[in-house]
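The sequence and structure are shown below.

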Amino acid sequence: MRIFNLNEKFQVHLQGLIDLLSNHLYSGPEVFIRELLQNAQDAITARQQSERDVEGLVRIEVIHAPGQMPTMSITDNGIGLTESEVHRFLATIGESSKRLQNGGGPTDFIGRFGVGLLSCFMVSEEIIVVTRSIQGGETVSWRGRPDGTYSVTKSDLEIDVGTRVYLTCRSGQESLMKRETVLKLCRFYGGMLPHRIEICDGEHFELANINSVPWHMKTNDSQEISQRYLSFGEEIFEQTHLDVIPLTAKAGLVRGAAYVLSHSASLVHRPRNRVYIKGMLITDKDESILPPWALFTQAVINAEALSPTASRDAIYEDESLENCRVELGVCIRKYLINLAKNRPEKLANLVRVHLSALRALAVEDDECFETLISLLPFETTDGTLTIPEFLARHSALLYVESVDQFRQIAPVATAQGIGVINAGYVHTAELLARYGYLHDDADVGPIDTERFAQSLEDLTENEEKQSHLLSHIASKTLRPYRCKTELRNFSPIELPALYTLDHAGQIMRSMEQSREVSNSLYSDVLGSLMKQTSIPYVSQLLLNYRNPLVRKLATLQNEKIIATSIRMFYVQAMLLAHQPLKSDEMRLLTSGMQELIQATVDLSTFNP
Amino acid sequence: MATAENIEPDPGASYIDEIDALLAQAYDLPNSAAKIAILEQAIRIADTYNDIPLSYKCRQELVSAAALGGRPELVLIHFSWCVAKYDESPDSFDRDELYWRFKWFGIATNSFPTIQLPQVMNLLDDFKDRLQKSQLSPHPYLTTLARVYTDCGLLDELRDLLPRLALAARSHLSDCEACIDQLLIKMHLKLGQEDEALQALKELSDSGRVCVEVPLCSYPLFFNVWLNRGQSEVAAKHHKKTFAAICRNPKFLVPLSQHLEYLVAIEDWTKAAKAMRVGFDHWRNATSLRDRWYFLNELIPYLDKLTYRNTEFIRVQLPEDIPVPTQNGRCGVSVLRAWASSHRDEIGRQFDARNGNDHYSRRSKSLLPSPHIGTTEA
């Protein structure tokens, strides 16, 4: 019987692993700079734990010798590695010097996962690490190759305590080892690192660190700080902003700033935030650090105590992040509330630019609702007004919930002096409903067709008597189309009839339309659905008794002419209301036109 | 950038320009009542000009917005029209775009008890036949069928379906892997297989698979399970992680209800009140009667608890179609409870009659009387 060895070890195909990392974990080969900076930063942090007065330095040198592939070295004055540590940490995938022995997470180190150095194989034929440990001993050299082989030797190089990594550029990656590119990438990924990062090219060197991060400024001059914040935002995001909101959060130990966008924000395509962890860029595409309603800002923040994901290109979603998000939301809300108190004109400008986002915020947060509701403009029959301005003109806050409905009734409402708000925009109806809920004394509500009809002037007793036959025939004629008719007096007098449709009615019409074209399987399902929402009337036709033609019609006794005319008013009113005609309504239009033409022809035959 | 503000059409523009402008605005909006209204407007214009291709395109957008925004009746109405037009002229429209939405259509049929179960099954058979004729995997049909069986409590049928589902190959028309994982979790829970469900949740979590609904709507399924197993800290962690996002979309009325259930169980009255208010805020735009049943079913125990705490009135903004009187923004707890109970039972009865079982009435909740605790107003 074959005996199986229970103590086998996994074989690692290094090239395959590199391929996996480069194609599936890392976003691109340029991240090797980030990984090297991270390792250097962590080494310096480790050294400073025992030698606090050591000033960290990272020096990157790029050499372009003629006829040869470029080479790069990155040197740090961190803790270095002993020979046994080189064997242990550089040659074992997943073994990281930055994890505590008991498996707990470190708090000072950025890197945790022990695969960062491998990223260099995306750009380099081999990796050479020369290192001298703070613990003493000789300089050790480790040379690793992508085929999985490596060698460790004692090095003759005299180096200070620290580590130097040498890379030789792979064919096709030359652009990544140009001095300008290296400088740009260092600034991008590590610009906020606390240690000096120098890019050397022969005799010249340039600093990659970002100068004076505003939340580190030690001055009491508020104007200077504000200027620095704004210019910092312009450097980072390459655009100007309306304003800046300094951010702090205990959760995650976050400092930063949220910049108010100078253009209107989309409700769907959120602005991207730039997030650093311990000074190292994690992502410039973050959408999670700020609350969802903070669409009108984009932030740059540095967190000392949030965690990155394994690929280190996003923030790990945990309780710290959530708590941090809440605290940052408080900062932004406080900013708005302060603006309302102290700089109302600035807030008004912000409302103008970021109306959709601020509506979203007001719906989400009660305190902001109270702050913003009186400032938010609404489209009304009297033009664009705030709620206080509207209520100064009208006793009730009536609104319709679709733009189409607003278009239908606005001209008639205006002519009657009835104020109506267009609540067809995102969050508008919710805001108005909330206003009504919080202000018991206010008359607030959606205007349905019934209510709108009631708001128009009734006929006098005499007019009712005169129009009795017309009213009766109109009801009878349009009942098969489930359209209720009413006679009212309203302006403009040129309009003979107004067609109105409630939300439920609109759905019924759409259902009928779909049923007309569907086969029996789907038509039956829609028929069953109709049973769920049965309403007696789908729509309403308001006949305008002030219109001369309607008045004339009321004097006729010929029921056929009256019925034909009512059908034509119905179709005309529907078309004016942008309602597509169903097949039976198309037939109505055709037959009605023919009947009227026939009647005219007959009349002219009689009276040539 | 197009916003929902710029919708007055240029008088010189053609109807096509007008529709394009509306579609551009809709694209920039989250799935919401406003987005749906804009798309309905675009459809009406296209219909007025009898522009079938444009009307079809707008309807497809509306079906997506409605399916993801909690409006199954609009899915049924407009998808039916699209199927009819596709069948008239299959070469004029994209088959896969239509068939992708068939899954949503199938689920939407289960939202209204007046749509009979044989009708639902016939529609799903139509989907199956279409896939077969196109030589496509039946996987999307089977997952939709699984959802219907799960919702209807048809456990025998669900058990029989599991092996068929496991064997069927995924296709490009199948839901994303995260959604399939969540479906399997729901199936396990429905079949009373808690351990298997927890294992599936762990695998989902370890896989890192996410989508709009997953794992946002996965964790609330387990609040009760964790509480019953003495893992209250796990429940608390996932409640905290998901509650805010759940509150933002009316489509998530069922997960919101699960949060309400959890909050009542841990006696967090402040947050429970918030969950109730959000539920009513969503009510207008969450038209599925199935979803409303779930919400009412968790509302009733909450209101019972308030009664036992001697709370007579609550501040709540009720939708217009709820016939419970409010005064000064408050309504009576017992009045609301009476309406909620009656409405829930009526919906439950209709669904049970349709499904031929007692799946809904068996799960209907109310609390037994418990001792007086104190007087508060929520």
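Which residue in E21(A) does Tyr499(A) stand opposite? Tyr499(A) faces Leu541(A) in that strand.

## Basis of the report

The model is predicted: local features need pLDDT of at least 70, side-chain atom pairs count only at pLDDT 80 or more, and totals for chains, interfaces and linings use all residues. Residues are numbered from 1 along each chain as its sequence is written, chains are lettered from A and ligands numbered from 1 in the order in which they are written, and side-chain values use heavy atoms, with hydrogens and water left out.

## A three-stranded open sheet

Three strands of chain A form an open sheet in the order E19-E21-E20, with mixed pairing. Strands (E, at least two residues) and helices (H or I, at least four) are DSSP runs, numbered from the N terminus. E19 (483-488) and E20 (497-501) of chain A each have a single partner strand, so one side of each lacks a neighbour in the sheet.

Five bridges join E20(A) to E21(A) (residues 539-544) in the antiparallel sense; strands count as paired if DSSP finds at least two bridges between them.

E1 (residues 57-63) and E7 (residues 196-201) of chain A pair in the parallel sense over five bridges. Arg59(A) has Glu198(A) in E7(A) as its bridge partner.

E7(A) also runs antiparallel to E8 (residues 204-207) of chain A, joined by four bridges. Cys200(A) is partnered by Phe205(A) in E8(A). The two strands E7(A) and E8(A) form a hairpin with two residues between them, and Gly202(A) in the turn has a positive phi of about 75°.

## Helix H7

Ala348(A) lies in helix H7 (residues 344-353) of chain A. Ala348(A) is partly exposed, with a relative accessible area of 28%; buried means under 20%, exposed over 50%, and partly exposed in between (1.4 Å probe, protein chains only).
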